[in-house]
Amino acid sequence: MAMDWMVFCKDTLSGDVVAGCFGKGRDITYLDWLFSAWGWTVSVSLTALVVALVVGSIIGVIRTLPNSPWLTRFGNGWVELFRNIPLLVQIFLWYFVLPALVPPMKNFPPFILVVLALGLFTSARIAEQVRAGILALPKGQRYAGMAVGFTTVQYYRYVLLPMAYRIIIPPLTSESMNIFKNSAVAFAVSIPELTQYALQVGEETARPIEVYLAVTVLYAISALVINRIFAWIEKRARVPGFVSSGTGAGGH
Amino acid sequence: MLNLDFSILNWGLIQGFILKGLWFSILLTAVATAGGIFFGTLLALMRLSGQKWLDAPAALYVNVMRSVPLVMVILWFFLLVPLLIGRPIGAEYSAVVTFIALAAAYFSEIMRAGIQSIPRGQVFAGQAVGMTYGQNMRLVILPQAFRNMLPVLLTQTIILFQDTSLVYAIGAYDLLKGFETAGKNFGRPIETYLMATVTYFVISYSLSSVVKSINRKFAIIR
């Protein structure tokens, strides 16, 4: 099969090949559009990652709190709820169902709805990891915190969480790469991200192989960059003498 | 507050729209699991063979499949399989091929971990009684690896079942599509999306409860 990479240099309206491949003024080429789609994928994923980290940490922590059975139950319920419904169905829930049931949500832009769907879906997984990280610490750490007179908030903030987060950096890395892959599902509600681009432009230009290849490579680059960032954080945050990762959470 | 009307939920709707989709989702999950375990085990054996020419292509295949978004894999297969075999195939058939290929990549990592979890002594014991590589794998290693990894394999199957909803991208008629079509026909999309949510939740949640109890009963006590 002969590949025709000039397809990306074409103007999206006239279909003429533009010199330099980037459109001038108001005109855009398929290459301009590709980068805009990548921008959508990155911004949906990163915003959802922030939501997932914040909510996931809170849920993960309350599942480990001592003497709070109802909070623990709430946390467990949260995880079961978001883990047992397919992401695509959750996207439809946020996009179609909730705005119909809760009228103020009708004014939410689609971007926010998709970010909430993806973020809360991932929060359940991150909550599992945060919980596992806290439980992986020896019980003595908690008691040591109590013994020096810390309040619950203080010993989580200064004793448990700093170590727990270091332990779970490897699974957090793969979850962060997953969020980029999962953001592809946003195509179903017409967010102009990479997968939507692949579907639409693949059809428009009748050059689906080139278009899919470009999109797939951009997904791979995004995942690689995230991976490198986390590797850097892991290196910077390493506590001398404390083996936190390396072979990781696999084991037996 | 919108008025929800669940009166459309009756046997006619289930028979007319849902059962066909539910059947396809279950079939897709089952075929992908069976095919995935078979091809995944072969991939795992390739990766553990210690032969570069077997290990490298298997590793490449698994890593590529795992780093591309699922939806893109589904779209790629829908595009490429007809080109390779030279005639168009339906969305459902394409979905089956895609999910076997996907499941093979995911299950191979699980089987690899399972095989590696077997103590080396077991391999040596098999060799000591004169078993060939094939006999050793089939009679000694794989049964134990499979049993050790059963909970993980089942959990992956539940994830697979949820992922089958992504065949939406190529328009295959699965459980989600069934509810969506019913919603469009009756003009009640909100209600049918809610029904789809409940259906997926009930199936996934009960399966994961089963996995938890298997986890307690089947674990090999060492």
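**Close-up views of a two-chain predicted model**

**View 1. The contact between chain B and chain A.** In this predicted model, 28 residues of chain B are in contact with 29 residues of chain A, two residues being in contact if their C-beta atoms, placed from the backbone, lie within 7 Å. On the side of chain B that touches chain A, helix H3 (70-85) and helix H8 (189-218) of chain B each supply at least two residues, helices being DSSP runs of H or I with at least four residues, numbered from the N terminus. H8(B) gives the most to that side, with 11 residues. By class, the side of chain B that touches chain A holds 21 nonpolar, 7 polar and no charged residues, where Ala, Val, Leu, Ile, Met, Phe, Trp, Tyr, Cys and Pro count as nonpolar, Asp, Glu, Lys and Arg as charged, and the others, Gly among them, as polar.

Residues are numbered from 1 along each chain as its sequence is written, and chains are lettered from A and ligands numbered from 1 in the order in which they are written. Local features need pLDDT of at least 70 and side-chain atom pairs count only at pLDDT 80 or more, whereas totals for chains, interfaces and linings use all residues.

**View 2. Helix H8 of chain A and its cover.** Helix H8 of chain A, residues 194-205, has 12 residues and reaches 15 Å from its first C-alpha to its last, close to the 16 Å expected at 1.5 Å a residue, the expected span being 1.5 Å times one less than the number of residues. Buried in H8(A) are Leu194(A), Thr195(A), Gln196(A), Tyr197(A), Ala198(A) and Val201(A); a residue is buried if 20 or more other C-beta atoms lie within 10 Å of its own, exposed if 12 or fewer, and partly exposed in between. Their cover includes helix H1 (30-62) and helix H9 (208-237) of chain A, together with H3 of chain B.

**View 3. Met72(B) and its partners in chain A.** Leaving aside neighbours within four places in sequence, Met72(B) is in contact with Ala184(A), Thr195(A), Ala198(A), Val215(A), Thr216(A) and Tyr219(A).

**View 4. Two loop residues with positive phi.** Asn67(A), in the loop between H1 and helix H2 (69-83) of chain A, has a phi near 55 degrees, a positive value in a residue other than glycine. Asn67(A) is exposed, with 7 other C-beta atoms within 10 Å. Ala206(A), which follows H8(A) and is found in the loop between H8 and H9 of chain A, has a positive phi near 55 degrees, and with 8 C-beta neighbours inside 10 Å it counts as exposed.
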